[in-house]
Amino acid sequence: MRPLVITLLLAVSAAGQDAFTHAVKPVLENRCLKCHGPVMQMGKLDLRDRASALKGSGKGPAILPGDAEKSPIYRHISGIENPRMPMDGALKADEIAAFKTWIEQGAPWEGTLGARAAKPDLSKLEQWTVPPGAREKWPFYRPVKTAPPANGQAHPVDAFLTAKLRDSGLEQAPRANAHTLVRRAYLDLVGLPPTPAQVNEYVNDKSANAWEKLIDRLLASPHYGERWGRHWMDIARYADSNGYEHDFDRPNAWRYRDYVIQALNSDKPFNVFLTEQLAGDELPNAGYEQLIATAFLRNYAKVGFREKDNPQFRYEYLDDMIATLGRGVIGLTVQCARCHNHKFDPIGQADYYKLQSSLWGYVEVDHPLVPEPEAKAYAAALSEIAEAVKPLRDEVKLLDQPYRQQLLEQKYRKWPKNIQEAVFTPEKDRTPGQVLLANQIIRTTAVTPVEIERIMPEAERAKRRDLEARILEIEKRKPKAIPMAMGITDGDYRFTPDGAGDEPAPGKGIKREVTEGSFLADGKKPYQAPASHFLHGGDMHNRGSETKPGFVSILDDGTVPATAPVAHNRTSGRRLALANWLTSPAHPTTARVMVNRIWHHHFGRGIVTTLDNFGKTGDPATHPELLDWLAVEFIEKGWSLKKMHKLLMTSNAYQMSSEFATDGNLAKDAANLNWWRFKQQRLEGEVLRDNILSVSGALNTKQFGPAVFPELPPEVLASTDKGIWIKQPDGPEVWRRSVYVYRKRGLPLPFFEVFDMPDQNITCGRRNVSTVPTQALTLMNNDWVIKQSARFADRVATEAGPDAGSRVKLAYQLAVGRAPNGDELRIGVEFLRNRTLSDFAHVLLNLNEFVYMR
């Protein structure tokens with residue numbers, strides 16, 4: 001007979017093996033090997049066999065047989081240690097318990113998981129090709145301008161729409177009345193209501209081309225760019241602050257906003273507009289305007305530290321650029337191919353990394369907007385002052401160091417035990433989870449000079465203050481700041497996975513310009529872009545081959561080179577080549593996507609409803625032949641947005657009533673997918689604010705320049721202490737159009753937010769439109785709205801005189817662009833017998849007709 005101890009050991013071993021086979025192994029294969037298996041070993045941890053698991057990641061074994069509580073794999077899956085694993089979601093309680101039992105029983109392990117012989121050929125991912133027949137599917141081929149259907153309609157838009165309306169047995173709505181049309185045109189093109197005089201000018205114009213003349217006047221208005229520039233800035237994820245936890249101010253971001261407004265007002269061709277934003281610094285004879293435009297790529301939300309603090313940040317910013325170009329310009333979710341081939345569309349992971357290579361050499365830069373000699377003189381003066389204060393700052397730093405460290409340690413010790421362990425563990429000994437925790441805490445814990453001086457001995461405090469006074473005296477010699485533009489250019493970014501070497505390298509024609517982060521080649525010899533690599537699984541530690549610049553294969557006919565010549569030799573020409581490809585007349589989607597956006601803003605819904613996704617998971621085009629006709633027309637007419645506006649607005653479809661409905665139409669097409677009537681559209685929060693200011697007579701129409709800061713309730717301001725929000729009194733200075741309001745990522749203006757302002761951190765093609773109680777409550781109870789109602793009433797009283805009927809008529813004309821009907825006039829006069837004119841004005845600002853474009 002076997003000794004009892006051996007029998008018991010065998011029983012435990014069998015139980016452990018059973019736990020491995022039926023509970024642990026399935027979890028390892030289905031949840032763990034994707035990141036720690038044949039394709040990649042994140043954190044250098046391989047979980048394919050017992051030997052590798054016992055070896056661990058270089059920080060020690062992942063499993064300590066017999067001791068689950070001390071085994072890193074158990075500590076991470078159970079949440080004892082962060083980050084909790086797996087990254088794609090926590091395991092079930094019974095699965096965690098099975099791991100604990102298995103480890104306690106010695107972690108028996110049989111065989112190799114995801115057999116090493118079956119390791120996939122990663123080169124196939126790098127050499128991905130377009131599937132046969134994919135280019136034959138819409139929208140992956142070049143748009144074709146087919147002749148509009150011959151059905152008696154003179155306007156091409158109406159010809160395409162009428163053909164489908166007739167096939168569907170739908171009746172078309174009649175033309176809207178003149179008062180509705182003039183208000184529709186003003187709100188649509190300039191985002192402001194027409195004055196009574198402007199309404200009368202159109203209504204009384206009986207000429208055959210009165211509608212065309214109105215459109216031409218509005219397109220020539222300086223307010224056109226303010227209205228339509230806001231649409232583009234949603235795509236460009238424009239904001240005046242960085243976002244994330246520090247939300248630092250971007251003092252020169254507003255120049256990009258002004259560039260967009262001015263570009264649209266001048267009807268800059270869209271292909272030029274796009275090229276300047278991608279590669280303005282690479283264009284021949286690039287001027288200030290083109291340098292300002294490059295902020296488009298730099299508009300990403302940003303953590304407030306350099307990439308060397310976490311090299312992963314650079315990949316996130318590049319991913320944001322690719323997502324913005326993909327969704328905003330190409331109309332495909334290209335960013336979904338970062339870690340693998342696209343799951344739905346014919347886009348390979350190789351396509352993603354070709355685009356990344358085209359953008360890889362970028363560095364952030366503040367472009368001086370003065371002649372070069374003046375910029376150099378300014379830089380030299382700053383450099384001289386910096387050299388003078390450096391030894392003094394070094395002394396301050398030396399004095400502060402022991403007290404700073406003392407205060408930091410005190411702050412660190414307020415955190416839970418696991419965080420303290422992460423922070424106080426020597427950097428070289430930290431586990432991957434501790435690295436994440438420590439970096440986050442260390443990066444966000446600060447000590448102020450006031451705190452340091454509070455605990456310093458008096459003698460050292462006096463010495464410190466003397467040094468600070470001397471620094472201040474020297475810095476008074478700083479020259480007046482020169483105008484700068486936030487943007488990008490190409491530089492020398494040398495990345496290594498551990499973060500070393502990601503600073504621009506000295507020498508080799510690289511020099512530091514006016515601001516930190518500006519590292520430009522001098523042009524004496526051609527700039528060489530730094531190398532970028534294919535990242536398997538999207539993991540920066542799992543490099544594949546060096547990548548070359550290129551484009552999305554399914555949309556590329558091979559006629560546009562992946563690099564373009566640049567006369568000044570200071571950049572790679574890769575971004576210019578990317579712009580050339582996107583704006584090529586042969587490109588399948590660029591014109592389609594932009595025309596679809598224009599259609600969406602005019603008609604309330606795109607021909608492709610998912611404006612930024614023309615792929616398989618997006619909505620299909622309701623009228624693909626019409627969209628293709630418009631896309632080709634857009635290119636043939638010089639990529640002119642204003643010509644496209646006029647073309648769409650002169651169609652009968654645009655001029656239809658929104659109030660028409662029949663039982664038959666509602667039964668066949670309740671969603672109005674065939675445009676049998678005009679779609680009513682709720683005004684965006686920014687336009688609603690502008691309209692309130694306009695009818696109250698308070699609107700300040702000053703254009704351009706730094707942002708304004710509307711007054712915020714104290715409790716809202718108290719919700720953030722990061723970045724800036726300048727306290728400006730509520731008055732004419734801040735009553736400018738909403739496009740000039742400071743866009744703080746960490747603190748959206750509440751009035752905008754309640755009316756569905758999009759997430760300012762990412763590109764937005766189509767805003768959400770909700771109907772929620774807080775919108776009505778805001779219009780009824782918001783203190784600013786009530787004050788503007790009083791100003792509206794004062795305007796009416798001044799311009800209409802004491803007669804109640806005259807006041808009601810003028811108030812309606814100002815608010816909704818028409819006179820009141822008989823019942824409205826009677827009810828309004830009766831209202832004024834019992835309530836104030838301010839109350840009546842407030843009622844009008846709450847009308848659906850005021851809040852909607854009809």
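Reply: The account below begins with a pair of helices and then turns to a loop residue, a strand pair and the cysteines.

The model is predicted, so local features are reported only at pLDDT of at least 70 and side-chain atom pairs only at pLDDT 80 or more, while totals for chains, interfaces and linings use all residues. Residues are numbered from 1 along each chain as its sequence is written, and side-chain values use heavy atoms, with hydrogens and water left out.

Helices (H or I, at least four residues) and strands (E, at least two) are DSSP runs, numbered from the N terminus. Helix H9 (residues 210–219) packs on helix H25 (residues 641–649) at an angle of about 150°, and the two axes lie 11 Å apart. Here axes are lines fitted to C-alpha atoms, for helices over the stretch in contact, and angles run from 0 to 180 degrees between N-to-C directions. H9 is therefore roughly antiparallel to H25, a term for angles over 145 degrees. Trp211, Glu212, Ile215, Asp216 and Leu219 of H9 make the contact with Lys642, His645, Lys646 and Met649 of H25, contact meaning heavy atoms within 4.5 Å.

Several residues of H9 are buried, namely Ala210, Trp211, Leu214, Ile215, Leu218 and Leu219. Buried means under 20% relative accessible area, exposed over 50%, and partly exposed in between (1.4 Å probe, protein chains only). The cover over these buried residues includes helix H7 (178–189), helix H8 (196–203), helix H10 (223–235) and H25.

Val608 lies in the loop between helix H23 (590–603) and helix H24 (624–636). Val608 counts as buried because its relative accessibility is 1%. Leaving aside neighbours within four places in sequence, Val608 contacts Trp138, Asn596, Asn613, Phe614, Asp619, Ala621 and Leu627.

Strand S1 (residues 362–368) is also mostly covered, with six of its seven residues buried. S1 runs antiparallel to strand S2 (residues 484–490), and seven bridges join them; two strands pair if DSSP finds at least two bridges between them. Within this pair, Tyr362 has Asp490 of S2 as its bridge partner.

Finally, the cysteines. A disulfide is taken as a pair of cysteine sulfur atoms within 2.5 Å, and by this rule the count is zero. Cys764 is buried, with a relative accessible area of 10%, whereas Cys339 is partly exposed at 37% relative accessibility.

Definitions and conventions. Angles under 35 degrees count as roughly parallel, over 145 as roughly antiparallel, 65 to 115 as roughly perpendicular and the rest as oblique.
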